[in-house]
Number of protein chains: 2
Amino acid sequence: MNKQNHLSNIRVVLSHTTHPGNIGAAARAMKTMGLRHLYLINPRHFPDPQTNAMAAGADDILANAVVCASIDEALQGVVYTVGMTARLRDISIEVKTPREAMPLVVQEAQEQQVALLFGTEMSGLTNEETGRSQLLVNIPANPEFSSLNLAASVQVVAYELSVAAQSFAPNVAQMQPAKHEQVEGYFAHLEKTLFEIGFFTTQNPSRMMQRLRRLYARARLEADEVNILRGILSVTTEYNARLKNRYKQEEEQ
Amino acid sequence: MNKQNHLSNIRVVLSHTTHPGNIGAAARAMKTMGLRHLYLINPRHFPDPQTNAMAAGADDILANAVVCASIDEALQGVVYTVGMTARLRDISIEVKTPREAMPLVVQEAQEQQVALLFGTEMSGLTNEETGRSQLLVNIPANPEFSSLNLAASVQVVAYELSVAAQSFAPNVAQMQPAKHEQVEGYFAHLEKTLFEIGFFTTQNPSRMMQRLRRLYARARLEADEVNILRGILSVTTEYNARLKNRYKQEEEQ
């Protein structure tokens with residue numbers, strides 16, 4: 001498998017980008033490193049002449065960019081989402097350096113869709129976006145001045161990715177990771193069930209769901225594992241329905 | 001010797017830069033990676049408001065920038081000059097990748113002045129400038145679109161330099177893996193609950209438990225995650241007791 005194949009499964013997702021010039025500069029950075037698929041979640045201005053000016057010849061990336069209304073739309077079909085963060089969080093998913101992470105990204109991108117997710121210029125990723133990432137990447141920077149420009153971050157990550165792809169030796173794929181929407185379907189089902197059985201009466205739901213997301217992000221759920229876990233949730237609900245009927249009958253006798 | 005010492009002997013030299021914004025973006029890129037010394041050979045516009053706008057807080061780098069009239073002035077006192085090139089030349093000095101070269105730069109910069117020399121946006125280094133370099137560095141790029149923005153090149157090289165200067169690992173909160181007996185306690189509780197809710201009527205219990213063990217083995221459960229998961233199991237069964245009471249009360253009313 002050649003380098004081009006790995007990279008063609010990788011999308012760069014820019015969330016709520018404020019400055020149109022940054023989108024163009026990011027497209028240029030992507031193209032210099034052989035990345036082609038750009039997704040934009042609610043960009044403030046797009047298309048925009050400044051974007052094309054900064055793209056400096058990477059107009060094909062912009063022309064094919066996919067504008068999305070939500071994070072879930074941008075991650076449709078993705079099995080591995082890598083969120084870029086300038087901070088280390090309280091409830092942290094695993095955080096790696098670009099050098100550690102990009103070989104993993106190349107590995108994942110052999111056969112599946114991978115997303116590199118960049119937050120806004122001012123505040124980075126939201127908690128919601130972090131929660132949808134299987135891995136966080138932090139570009140090590142000067143602690144006194146750590147704010148890389150958005151396109152500069154894209155350049156560094158794309159560069160590391162390109163270097164990793166050049167030296168990539170394919171491993172045997174050992175697992176069949178679930179797609180983003182399958183994993184999200186599980187989390188929605190889990191949250192609904194936990195409400196239904198009364199688990200959240202003593203717990204903060206959003207914090208608890210973050211904890212559970214973190215656990216399952218580490219596990220990298222497979223598609224059939226999602227089915228098993230959802231099967232357990234379904235049986236839990238059915239069980240309660242049966243019990244309810246039984247108690248009613250007991251009372252009626 | 002610490003990272004700061006290596007980096008304080010390194011200057012970034014931008015030759016005949018055309019766009020003032022690129023000087024600012026380069027200063028920002030330098031500062032994010034801990035580089036501080038900027039030399040400008042005959043910049044077309046400097047100082048310039050656009051430069052400061054793109055520096056986004058790296059104004060101290062700009063304020064201390066040294067404007068020079070010639071390459072020799074900019075390299076005064078330097079023992080090792082590394083020229084950045086997008087091309088491979090006829091009369092080539094040794095060309096390395098940033099990854100190969102930056103450890104050497106850090107080595108040289110331990111005790112002596114080192115320069116990283118960047119040419120113009122349009123045409124890169126002149127032959128005269130190449131001739132003053134002891135080493136050339138080429139950032140590997142897409143052969144069909146290899147033109148990195150000047151500041152993006154500074155960012156990649158400064159990033160590689162920073163990684164080389166200090167094998168930096170972000171301070172990730174260490175995980176507290178659960179003890180063997182805690183994990184086994186969870187599996188026993190899970191199996192009991194799955195029996196109770198009737199999940200195993202359609203599933204082979206031992207095979208299913210093997211699958212679930214495999215999933216959680218990948219996750220490396222933490223102690224408090226075991227507590228959360230067992231809490232969910234407890235609520236699943238307690239719910240039925242509560243439900244039974246609730247129905248009784250409803251019937252009695």
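**A walk through chains A and B**

Let's start in a loop: Pro47(A) sits between strand S2 (37-41) and helix H3 (49-55) of chain A. Helices and strands here are DSSP runs numbered from the N terminus, with at least four residues of H or I for a helix and at least two of E for a strand. The model is predicted, and local features need pLDDT of at least 70, side-chain atom pairs count only at pLDDT 80 or more, while totals for chains, interfaces and linings use all residues. Residues are numbered from 1 along each chain as its sequence is written, with chains lettered from A and ligands numbered from 1 in the order in which they are written.

What kind of peptide bond joins Phe46(A) to Pro47(A)? This bond is cis, with omega at about -5°. Chain B has a cis bond from Phe46(B) to Pro47(B) too, and omega there is near -5°. Pro47(B) is placed in the loop that runs between strand S2 (37-41) and helix H3 (49-55) of chain B. For context, most peptide bonds are trans, and most residues other than glycine have a negative phi.

His16(A) is not a glycine, yet its phi is positive, at about 50°. This residue belongs to the loop between strand S1 (10-15) and H2 of chain A. His16(A) counts as partly exposed because it has 18 C-beta neighbours inside 10 Å. The scale behind that word counts other C-beta atoms, placed from the backbone, within 10 Å of a residue's own: 20 or more is buried, 12 or fewer is exposed, and in between is partly exposed. Arg220(A) has a positive phi as well, near 50°, and is found in the loop between H10 and H11 of chain A. With 19 other C-beta atoms within 10 Å, Arg220(A) is partly exposed.

Now step back to chain A as a whole. Its secondary structure comes to 11 helices and seven strands, and its C-alpha trace spans about 80 × 40 × 35 Å along the principal axes. Chain A has 253 residues, of which 47% count as buried. Take the contacts (C-beta atoms, placed from the backbone, within 7 Å) between residues at least 6 apart in sequence: in chain A, 85% of them join residues at least 24 apart.

H8(A) has 17 residues and reaches 24 Å from its first C-alpha to its last. Are the residues of H8(A) mostly buried or mostly exposed? H8(A) is mostly covered, with 16 of the 17 residues buried.

Two helices that pack on H8(A) can be compared by axis. Axes are lines fitted to C-alpha atoms, for helices over the stretch in contact, and angles run from 0 to 180 degrees between N-to-C directions. H2(A) packs on H8(A) at an angle of about 15°, with the axes 8 Å apart. H2(A) and H8(A) are therefore roughly parallel to each other; the classes are roughly parallel under 35 degrees, roughly antiparallel over 145, roughly perpendicular from 65 to 115, and oblique for the rest. The H2(A) side of this contact consists of Asn22(A), Ala25(A), Ala26(A), Ala29(A) and Met30(A), and the H8(A) side of Leu150(A), Ala151(A), Val154(A), Gln155(A) and Ala158(A). By class, the contact of H2(A) with H8(A) has eight nonpolar, two polar and no charged residues. Nonpolar covers Ala, Val, Leu, Ile, Met, Phe, Trp, Tyr, Cys and Pro, charged covers Asp, Glu, Lys and Arg, and polar covers the others, Gly among them.

Helix H6(A), residues 98-108, comes within 8 Å of H8(A) axis to axis, crossing at roughly 55°. That angle makes H6(A) oblique to H8(A). Pro98(A), Arg99(A), Met102(A), Pro103(A), Val105(A) and Val106(A) in H6(A) meet residues of H8(A) that include Val156(A), Glu160(A) and Ala164(A). The contact of H6(A) with H8(A) holds 10 nonpolar, no polar and two charged residues.

The two chains also touch each other. The contact brings 52 residues of chain A against 54 residues of chain B. H2 (20-32), H8, H10 (205-219) and H11 (223-252) of chain A each supply at least two residues to the side of chain A that touches chain B. Which helix gives the largest share of that side? H11(A) does, with 12 residues. Sorted by class, the side of chain A that touches chain B has 26 nonpolar, 16 polar and 10 charged residues.

Last, a stop in chain B. Leu75(B) lies in the loop between helix H5 (71-74) and strand S4 (78-84) of chain B. Leu75(B) counts as buried because 21 C-beta neighbours lie inside 10 Å. Leaving out residues up to four places away in sequence, Leu75(B) touches Thr81(B), Ala115(B) and Arg132(B).

Terms used. Expected span 1.5 Å × (residues − 1). Contact = placed C-beta atoms within 7 Å.
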